[in-house]
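Here is a short note for a colleague opening this entry for the first time. Please keep the sequence and the 3D view at hand while reading the points.

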Amino acid sequence: MKPAPFEYAGPRELDEALDLLAEHGDDARVLAGGQSLVRLMNARQVSPAVVVDINRVPGLDTLGLFGDNGSSTLRLGATVRQRTSELSDEVAAHAPLLAEAGAQVAHAPVRARGTVVGSVAFADPSAELPAALLALDGLVKVRSRAAERTVAADDFFTGPFRTSLAPDEMVVAVDVPVATGRTGSAFVELTRRHGDLPVCGAAAVVGVGDDGRVSHVRVALCGADERPVRVPAVEAAVLGADDPAAFTEAAAVAADGTSPIPSCHGSADFRRHLARVLTARALRTAFARATSPKETTDA
Amino acid sequence: MSTVEEPRTEARRWVGQSVPRKEDPKLLTGRAGFIGDVVLPGMLHGAVLRSPHAHARIVSIDTSEAEALPGVVVVLTGATAAEHVDPMPAFCAEPVEQRAIAVERVRYPGEAVAAVAATDRYVAEDACERIRVEYEVLPALVDPVAAMDPSATRVHETLDSNIVFHRSLDWGEVDADLARAHTVVRSSARWHRMGAHPIETAGAVASWDPFGQSMTVYSNSNFINFLPWAFAGILRVSTNRLRMIPCAVGGSFGSKHLITKVISITGALSKACGRPVQYLEDRADNVAANDNVGCDRIYDAELALAEDGEMLGLVLRIIDDYGAYFQFAHGQHGNAVAQPVGPYRIGSVRYDVSCVLTNKVQQGFFRGAGADPGNFILERLVDKAALEMGIDRVELRRRNFVQPDQFPYKIPTGNIYDSGDYEAVLDRALEIAGLDGWRTEQERLRAEGRYLGIGLATCQERSGYNASEWWFLYGDEAPLPATSTPESCKIDVDAMGGVRATIGCPLWGNSPETVVGQVVAEEFGIDPSAVSVVYADSTSGAISAGPGGSRVTIMLSGATRGAARTVRDKMVRVAASAMEMDPEDVECVDGVFRAKGVPGTSMTMAEVGMRAHLFNDGTSEAESSGLVAVHTYDHPYFTPPTDDRSDLGAFYPMVSHACHIPIVEVDPETGEVTLRAYYVVNDCGTVMNPALVEGQVVGGIVLGIGAALMEEYRYGADDGALETPTLREYLLPSMHEVPEIVLEHLETPSPFTTYGVKGAGEGGRLVAPTAIASAVDDALRPFGVWVDELPMTPERVVGMIADARGDQR
Ligand SMILES: Cc1cc2nc3c(=O)[nH]c(=O)nc-3n(C[C@H](O)[C@H](O)[C@H](O)COP(=O)(O)OP(=O)(O)OC[C@H]3O[C@@H](n4cnc5c(N)ncnc54)[C@H](O)[C@@H]3O)c2cc1C
C-alpha cells in the first residue's frame, strides 16, 4: 500500500496551480484534504504523475456571505475544511442542511482535514455533501487558466466519481443561495457504522407558505443512484401538501427509475427501499422544522 | 492424568488483584519492539504480487521488467521460490499441498504469485506492478453446497472430491432420543466467514547465513517455541540451525499461530539474495491472504426434548467451507465438540461434519475457533424450543443446567466440565440487568412504534486445549497425533536477589508479564514490580504453545508457580543451612527467609542469593551453586480418546461460563440494530487479575458485536472476487457501536489448575453473537422474525421482516 512515484507541487498562487493543471491535464490531481486521494494513491487505484497541493493557495479558505440583502449567497472556498463548515455560525444560520449533512461525514479528525469542495469534486455517489448541495440548489465555481464558469450542482455530477470538470479545471468554491421565508431542512441517512459513508441518505429542504402548505421543496439522495440525484417526482408530489402523511405517500416513488450501485453494504433493491424510507423521514422532519423551528427529530 | 488443586487455605496477596499491567508503559510509549521495528544491517524489504482471480492457471510470468528496476535485488515466482523453501507444514491427513507462493495454479483471490525484495517497500511495490502474469481463468467455486457436487471442478486434483473431510459420530443413543422426544425443534443456521484483524499484520525478518547454513527469523508468530521444527522444515534449514526470535505482537485474535506463508516468503527471499529481508503484510495482504478467517458454516440442527422440556438429544449436521487449503485440518470441529451441549444435560449428540474446499483463502484460527458458531446454533435451538413449547426461555434453561453437585461433569463426547454454578450466574445476570424495568420500557416503546429487544444467552467457554482436538476426529490416519500442549517458565534469582522470569510464550497483546509478576510475587511475597520478565527465543528450550484456546493464563501461572516454588524451596534449604536450622523450620515471607515463629533470625533474598552463588560449602550434601529452575507445565487434565472415538477423552476441561443480556433497539424500516445496554455475569474460576479479565471480556464482546451485526467476508457469486478487500468493506465495530458493558464475576475455581483459574480470552465473542441474535428476535417478535443468519446487517434484518410477513420481495 505505497503510492507509485509522483511529483509534488505546492503552488503559492491560484494561477500557478491552474498553470500546473493546464500543463499536466489528466496526469495531475488536485490535493485538498487528502482524505480520499491519499487512500486511492496508496492503493494505486490512481497514480497521478503530479499532485497539486492547493492548501497554500491564498484566498481559497473563504467562508462567508456575499451579495446584497435581496439575494445573498453563502460561499465556501476550496480549502474550507468540513469541520470548519460544520461548526460555522454562518453555515448554521444560512445553510443548516450543510451543517447537518456535514456532521455526518466520517469522524471529526477526518473532517478536520477533508474539505467541503473536495467532497463535491470527488463526487462519490454515496457522499453526504454532494446530495446536500443538490438540495440547496448549490452552484459550483470552476476555474481554468483560460476561463471561469459556474455550474449548477445538478449539471456538475455526471456519474460515479465523475463530474463535468475538464482536466485543466479545478473547483474554487461552492455557492449556496440563502433561503428566505419559513424553511426547514433535514439530512437523514443509514450507515453501517457511525461515521461510515451512508448506504443511502436523503436531503430535504421544505419551504412553507403563509397558508401552511409546501411552497418550495427539494429532495436529493445519495447512495441511491449512480450519482447524487434530485428526485423531481417526489418534489412535484409534495408541492402544495400540508399533511405529513402526504410525504410518506410521495416518497413511495423516490426510487423510481434509479440505478443504485450495489455493494457489500446494500444491494440495489435495498438501496431503493432505503431511498423511500429515508425520503419520507427527511421530508417529515424538514416540514416539521419549517413549521415549528424547535422540532429537530423525525416526526 | 489429573492433578487436583489443594483447597485454598492461605489468603492470597497478589493473585486476584488488579495489579497494574507491566506491559503498558512500553506499549503506550511505542517501545515494545514490534516486527516493524526490527532493522538489520543491509536489510531489504519485501512485497508480494497477488492473484486478482479466485481460480486460474498461471500460463506465464515475466519478471524481467521488475528485475530491471533500480533497487530491486530479487524477484521470486512460485517455481523459483521452490528452489529455496518447501511446502507449508500440513496438519491434515489429506494430500493438499500448499506453497507460500503458488505454482502453476492460483486457488483463491489474493494468493501470492510472486515476491520481490528491494531496497525499500516503495520500490518493491513498484516492481510488483511490473511483473507480467498471464492467467487462464478457471471457474470459481464460491458456494460450498455447489462445490460438493461430484461434477464440480476440483480445487485440488489430488483429491477425489471437494468434500475434503466427512465424518459422522454419535455419542449416546441419538436415534432413540429423537424417537422418544415429545418435541423436536429444528433450525438451520448460517454463520458466515469472519476473521481476525489485528492492528499489526503478520510479518517477519529473515536473515540467512549462507556460510553457517543457518537462519535467524524475527516474527510475530506464536508457535516459535512449540513447533520451531515445522518452520525449519519449510525453510529447509536444519532444526538446530534455526533461531526464531519473538517480537511483541500487535494483536492476533488467533490469526498468528503459525503465519507460515509470511515466514516462508521472507525466508525464501533472504535465501535467494543472502541478505536480511523484512516482509510485513499490508492491510490488503492481510485481509485477502492471511489465514485469519474463522468458521464458514451451514447448520441443519435438531434438539429433542421431553414434554417437560428436558433436553434429550442434539443433532448437528454441518457443512463448513474451508476455502482452498486444509492446512490445519478440521481442528475447529475438534474444538466445537468440547462443548456442543453447552451448559445443559443433553444425553446424546450426533455430529455430522463435511469440510468442503472452495476458492477462498483457507480457514485458520480466530477467537472462538469453532465453538463460536456452536454456541450460536445451540442457543438458537434452545430459544426456539422455548417458543414452540411455550416454556419461558429462562425456565427452560434452568431445568436443563448441569447442577453444581454434578461436577466434574462428563458430556456425551467425553470432554469434562470442571466446575460451575450456572443458575447462580443466570440469577445474578437477571438481577443486574433489571429485567422488569426493560420489559416495561419495551412495552412503552412498542406503543410508540419502536422495537426494543432483550437478549439472553447462557454459554460455555472451554479453555486450555489439548492438542488431541486437532486430530481425534480422524481415525488412525491422523498425521500428527500430538498429545502435549506445554508451557514453560524459567526463574532465576541472581546473587543480589533479583528475580527474573523467562517465558516461552510471546507477548500477543495479552498480559503474560503481569501474570508472571503476580505469581512470582505471590510465591515469594515480593512486589510484582520487582520481577523482571523476558521472552525466550527458540534456542532456550522453553517449550510453549503460547496463547490460544484461552489457555495462557492457566498454563503460564502453572509453569511460573512450578518454577518459583522450586527456586524458593532451594532458597529455603540454602537459608536453613546458613542459619543452621532444619529447612522445615524456615519459611519465605515478604521476600524474607526466616525461622518459623522466631522473627529475629532471617535472611534477605539477596543474602540467600549471594550465598547460593558464591559460597558453596564444599560438603557432599551442599546444594549446587546457583538458583535456576525451569518448569514445564503440561496440560493439567488430559485423557486420550478411545480408538473408536466413542469417547474423545478430556481435552478442554476448564470450562468457563457466562450469561449475557444485551438490550437492542431495531429500526424495522432501515434494519438498523442499536445496542442500548449490555449486562454480563462471567465465571472464569479464580479471577487472576480483574482489570485484565475485564479487558478480555469486553474486547471479546466487541468482536461479538461485530460478528452479530457487521463482520463478513464476501465473495462475488460468479467470479469469486473478494468483495471485502479492505476495512471499508469488512466492517469492525468501533467505540460508537459499543454500549456500556456492565460486568460481574462469579468464581467457581477449577479443581484442575493452579490457583483455580480458567480461561477468559474468548468468552465475550463466544456468547455475544447468539445473545444479540436473541435480542433482535425479541425486538421483532411482533413480526414473527426468527434470526438464523449472522451478521444481522440492515439489509438482512429488513429481509427477515419481509420474509416473516410473507411480503413479495
Ligand atoms: C475514515 C474516513 C471516513 C470517511 N467517511 C466519509 C463519509 O462518511 N462521507 C463522505 O462523504 N466522505 C467520507 N470520507 C471521505 C472524506 O470525506 C473526504 O474528505 C472527501 O471525500 C474528499 O475531500 P478532501 O478534501 O479530503 O479531498 P481529497 O482527498 O484531497 O481529493 C478528493 C478528490 O477530489 C479532487 N479534488 C479535491 N479538491 C478539488 C478541487 N478544488 N478541484 C478539483 N478537484 C478537487 C482530488 O483531485 C481527488 O480526486 C471518509 C474518509 C475517511 C478517511
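1. Start with the annotated region. In UniProt, an unreviewed entry places the feature "domain: Aldehyde oxidase/xanthine dehydrogenase a/b hammerhead" at residues 29-139 of chain B. Keep in mind that the model is predicted. Over residues 29-139 of chain B, 16% of the chain is helix and 32% is strand. The end C-alpha atoms of that stretch lie 50 Å apart.

2. Next, the interface. Chain B puts 28 residues in contact with 25 residues of chain A. Between them the two chains bury about 2400 Å², with 55% of that on carbon and sulfur atoms. On the chain B side, B:E669, B:R728 and B:E795 lose the most area to chain A. Together these three make up 23% of what that side buries.

3. Polar links cross the interface too. Four salt bridges are found between chain B and chain A. A:R281 forms a salt bridge with B:D667, and their closest N and O atoms are 2.8 Å apart. The count of residue pairs in polar contact between the chains is 12.

4. Which elements give two or more residues to the side of chain B that touches chain A? They are helix 4 (121-129), helix 9 (283-289) and helix 20 (794-805) of chain B. Helix 4 of chain B gives the largest share, five residues. By type, the residues of this side are nine nonpolar, four polar and 15 charged.

5. Seven of its nine residues are buried, so the helix is largely enclosed by the rest of the structure. The buried ones are B:R121, B:V123, B:A124, B:E125, B:D126, B:A127 and B:C128. Their cover includes strand 1 (44-50), helix 2 (64-68), strand 3 (72-77), strand 5 (112-118), strand 12 (277-280) and helix 9 of chain B. At the start of helix 4 of chain B, a side-chain oxygen of B:D120 comes within 2.8 Å of the backbone nitrogen of B:Y122.

6. Finally, one residue of chain A. A:V206 sits in strand 12 (residues 200-208) of chain A. Is A:V206 buried or exposed? A:V206 counts as buried, because its relative accessibility is 0%. Beyond its neighbours within four places in sequence, A:V206 is in contact with residues including A:R182, A:H216, A:L283 and A:F287. A:V234 is 28 residues from A:V206 in sequence, and their C-alpha atoms are 12 Å apart.

Methods:
Residues are numbered from 1 along each chain as its sequence is written. Chains are lettered from A and ligands numbered from 1 in the order in which they are written. This is a predicted model: local features need pLDDT of at least 70, side-chain atom pairs count only at pLDDT 80 or more; totals for chains, interfaces and linings use all residues. Side-chain values use heavy atoms; hydrogens and water are left out. UniProt positions are given in the numbering used here, feature names are shortened, and annotations may be inferred rather than shown by experiment. Helices (H or I, at least four residues) and strands (E, at least two) are DSSP runs, numbered from the N terminus. Buried means under 20% relative accessible area, exposed over 50%, partly exposed in between (1.4 Å probe, protein chains only). Contact means heavy atoms within 4.5 Å. Buried area is the accessible area (1.4 Å probe) that two parts lose on being put together, summed over both. A salt bridge is a side-chain nitrogen of Lys or Arg within 4 Å of a carboxyl oxygen of Asp or Glu. A polar contact is a pair of N or O atoms within 3.5 Å; within protein, one must be able to donate a hydrogen and the other to accept it, and residues adjacent in sequence count only if both atoms are side-chain atoms. Ala, Val, Leu, Ile, Met, Phe, Trp, Tyr, Cys and Pro count as nonpolar, Asp, Glu, Lys and Arg as charged, and the others, Gly among them, as polar.
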